[in-house]
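Reader: I am new to this structure. Please pick a single part and take me through it closely.

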Amino acid sequence: MNFVTPIRKGSHPLLQIFLLCVYWAAGAVICTLLGFIVVAMVYGTSIFGEFGSIMNGDPKFITALKIIQISSSIGMFILPPIVLAYTEGQKPDTFYGFKKPTFLPFVLVFAIMVVSMPVMEWVAVLNQKMVLPEFLKGLENWMKMKEQEAMKMTIQLITVRSNWDFVVNLMMIAVLPAIGEELFFRAGLQGSLQKMLGNHHVAIWSAAIIFSAIHVQFYGFIPRMLLGAGFGYLYYYSGSIWYAMLAHFINNAYAVCAAFYMQKHHMPLDKADEPIGFPWYGYLISAIITIALFKFFKDSATRERKLG
């Protein structure tokens, strides 16, 4: 069955990927600098003497870190694909596929994200048990150290000190990544890879691997790769980036809301990654229903695209 390639004709796809990377680097530098300028306006220039403390997640400077995180996220993931679309002489909504979502696929995306939680937990537990060969022990220790640093930083970012913190966290961790990372990795990178390689499966999984690798969290690599692939298939089947954005938002917003709930009930945030623990058949049922829902989404989206 043939699906319409989401990204439209224009420059050679390899050039599009190159431009996307150039815009990513430029956006990272420019918007991170803008973030530091905003921080200086809020705290004064003396705060730059505490640069190390800011970037290490010191609670005293967590607001400054969030400002930098938000500005760099916009620069690295939201602006590059938008600029690429205009470079190709088209508006982003037509270049990437912002077709208005409809009710049934919208509900199916929500159902997929909820039902897949047990099987994704199982995959995450397996990934966390990863052990490298003895001759790679130094690499394994480094990976564990990076994982601990990432966990420490995450805990500082999701700690809620007021209701306003919760709103900011939802924007920073759920809304912006859902928009930016789906625009960048699915609409931009995956779309160009699909044109270049001529195989949507290879394009989807290649973009998913890069999406997971760029987070530099080795003990969560496989579940994040599977999430990226899932988002990629939602985009490919529907031709609309909105469904992938919705799925990404649900995944990240759940983590933000779970952290908020834990803090309200005085539960330590370092326990957030601990598995709930389902019986083996719970994981199996979750996997079967998730696959069935994807098939249902594919059929529903295909019918709508034929009618539309």
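Author: Start with Asn 169. Its relative accessibility is 0%, so Asn 169 counts as buried, the cut-off being under 20%. Keep in mind that this is a predicted model.

Where does Asn 169 sit? It belongs to helix H8. What does Asn 169 touch? Leaving aside residues up to four places away in sequence, Asn 169 touches Lys 66, Leu 157, Ile 158, Thr 159, Val 160, Ala 174 and Val 256. A polar atom of the Asn 169 side chain lies 3.3 Å from the backbone oxygen of Leu 157.

Now widen the view to the helix. H8 covers residues 163–197. Of its 35 residues, 25 are buried, which leaves H8 mostly covered. H8 is also kinked. The kink is about 40 degrees and is centred on Pro 177. After H8 comes Gly 198. Gly 198 has a positive phi, near 75 degrees.

For another view of helices, turn to H10 and H12. H10 takes in residues 221–238, and H12 takes in residues 280–307. Their axes are 8 Å apart and meet at an angle of about 25 degrees. Angles under 35 degrees count as roughly parallel, so H10 is roughly parallel to H12. H10 brings Gly 230, Tyr 233, Leu 234, Tyr 236, Tyr 237 and Ser 238 to the contact. H12 brings Phe 294, Phe 297, Lys 298, Ala 301 and Arg 305. By class, this contact has seven nonpolar, two polar and two charged residues.

Terms used
Residues are numbered from 1 along each chain as its sequence is written. This is a predicted model: local features need pLDDT of at least 70, side-chain atom pairs count only at pLDDT 80 or more; totals for chains, interfaces and linings use all residues. Side-chain values use heavy atoms; hydrogens and water are left out. The bend at a residue is the angle between axes fitted to the seven residues ending there and the seven starting there. Helices (H or I, at least four residues) and strands (E, at least two) are DSSP runs, numbered from the N terminus. Buried means under 20% relative accessible area, exposed over 50%, partly exposed in between (1.4 Å probe, protein chains only). Axes are lines fitted to C-alpha atoms, for helices over the stretch in contact, and angles run from 0 to 180 degrees between N-to-C directions. Angles under 35 degrees count as roughly parallel, over 145 as roughly antiparallel, 65 to 115 as roughly perpendicular and the rest as oblique. Contact means heavy atoms within 4.5 Å. Ala, Val, Leu, Ile, Met, Phe, Trp, Tyr, Cys and Pro count as nonpolar, Asp, Glu, Lys and Arg as charged, and the others, Gly among them, as polar. A polar contact is a pair of N or O atoms within 3.5 Å; within protein, one must be able to donate a hydrogen and the other to accept it, and residues adjacent in sequence count only if both atoms are side-chain atoms.
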